[in-house]
Amino acid sequence: MRASPARLLPLALLLAAVPSAAFEPPPIPKKDLTFGDGWTFQSRGNNCTATRSIGKDVTLRLGFTNFEDGAVSLTGKGLPKIPEDRMEALGALHGAGIAVTEDAEGYPVEQFAPGVTYADFPGSALFVDGGIAARFDFGLTENGATTYRFGTLQSRVWPKLKAGTELRVKILGKEATVIRLPAAAGLWDEMQDCINQYPNG
């Protein structure tokens, strides 16, 4: 005898609730590691984070949860300040020198504005192997420390860093650091393994 739709409804609701619970990834194992050239790695919860000092009171942070989440940022007291009441005007200065288009899938593609090269780039950005890897997206100074966030979509930043050989950072047209990415042997594999453990964020 077939069960009536009314009898099947509670079971259907129960089964619908099971997959989300069954596929919820566990927390990423806690790790604190050090790598070459001053890099450190930490995993907590669902966060995979690599950090490196790039000068006095400035830290580069590569933070990823998965390909669509996380933040690439600079933080510290050594950065030019961005008070909240001047955020828009100063943000325009940091964003200068970049033209943004879209690829076939509608994702932003950042490149040098017409007539601009790395040598005379006036804004703030991360560069990998001569190309723009992430543009300045947001900045704010609070409690004496300033944070600059780079890149609007982390899924487009991570592959460039992983495959690159040289990372350069410019802040308001001035070169802040040059980092040889392969010097952090093992870090990129550790980051990828960490990201892979939490594929859905």
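This is a predicted model: local features need pLDDT of at least 70, side-chain atom pairs count only at pLDDT 80 or more; totals for chains, interfaces and linings use all residues.
User: Let's start with helix α3 (residues 154–163): which residues there are buried?
Analyst: Residues are numbered from 1 along each chain as its sequence is written, and side-chain values use heavy atoms, with hydrogens and water left out. Buried means under 20% relative accessible area, exposed over 50% and partly exposed in between, using a 1.4 Å probe and protein chains only; helices (H or I, at least four residues) and strands (E, at least two) are DSSP runs numbered from the N terminus. In α3, the buried residues are Gln154, Ser155, Val157, Trp158 and Leu161.

User: Which residue has its backbone oxygen 2.5 Å from a polar atom of the Lys170 side chain?
Analyst: A polar contact is a pair of N or O atoms within 3.5 Å; within protein, one must be able to donate a hydrogen and the other to accept it, and residues adjacent in sequence count only if both atoms are side-chain atoms. The backbone oxygen of Ala119 lies 3.4 Å from a polar atom of the Lys170 side chain. The backbone oxygen at 2.5 Å is that of Tyr118.

User: What is the relative accessible area of Ala125?
Analyst: Ala125 is in strand β8. It touches (contact means heavy atoms within 4.5 Å) Ile98, Ile132, Ala134, Arg135, Phe150, Arg168, Val169 and Lys170, leaving aside residues up to four places away in sequence. Ala125 is buried, with a relative accessible area of 0%.

User: How far apart in space are the C-alpha atoms of Val128 and Val157?
Analyst: Val128 is in strand β8 (residues 125–128) and counts as buried at 11% relative accessibility. Not counting residues up to four places away in sequence, its contacts include Ala133, Lys160 and Leu161. Val128 and Val157 are 29 residues apart in sequence, and their C-alpha separation is 9.6 Å.

User: On to the cysteines: is the disulfide of Cys48 and Cys194 left-handed or right-handed?
Analyst: A search of the whole structure turns up 1 disulfide (a pair of cysteine sulfur atoms within 2.5 Å), formed by Cys48 and Cys194 with their sulfur atoms 2.2 Å apart. The pair links distant parts of the chain, 146 residues apart, with Cys48 in strand β3 (residues 47–55) and Cys194 in helix α4 (residues 187–196). Both Cys48 and Cys194 are buried. The torsion about their S-S bond is about -85°, so the disulfide is left-handed.

User: How many residues apart in sequence are the parts that Lys31 and Glu190 tie together?
Analyst: Side chains of opposite charge can pair when their charged atoms come close. Lys31 and Glu190 form a salt bridge, with the closest N and O atoms 2.7 Å apart. Lys31 is partly exposed at 32%, whereas Glu190 counts as buried at 16%. Lys31 lies in strand β1 (residues 31–34) and Glu190 in helix α4, so the sequence separation of the parts they tie together is 159 residues.

User: Last one: which residues do salt bridges with shared partners join into one network?
Analyst: The structure holds 10 salt bridges, one of them between Arg168 and Glu175 at 2.6 Å, N to O. Arg168 is partly exposed at 25%, and Glu175 is partly exposed at 40%. The residues joined into one network are Glu166, Arg168, Glu175 and Arg180.

Terms used. A salt bridge is a side-chain nitrogen of Lys or Arg within 4 Å of a carboxyl oxygen of Asp or Glu.
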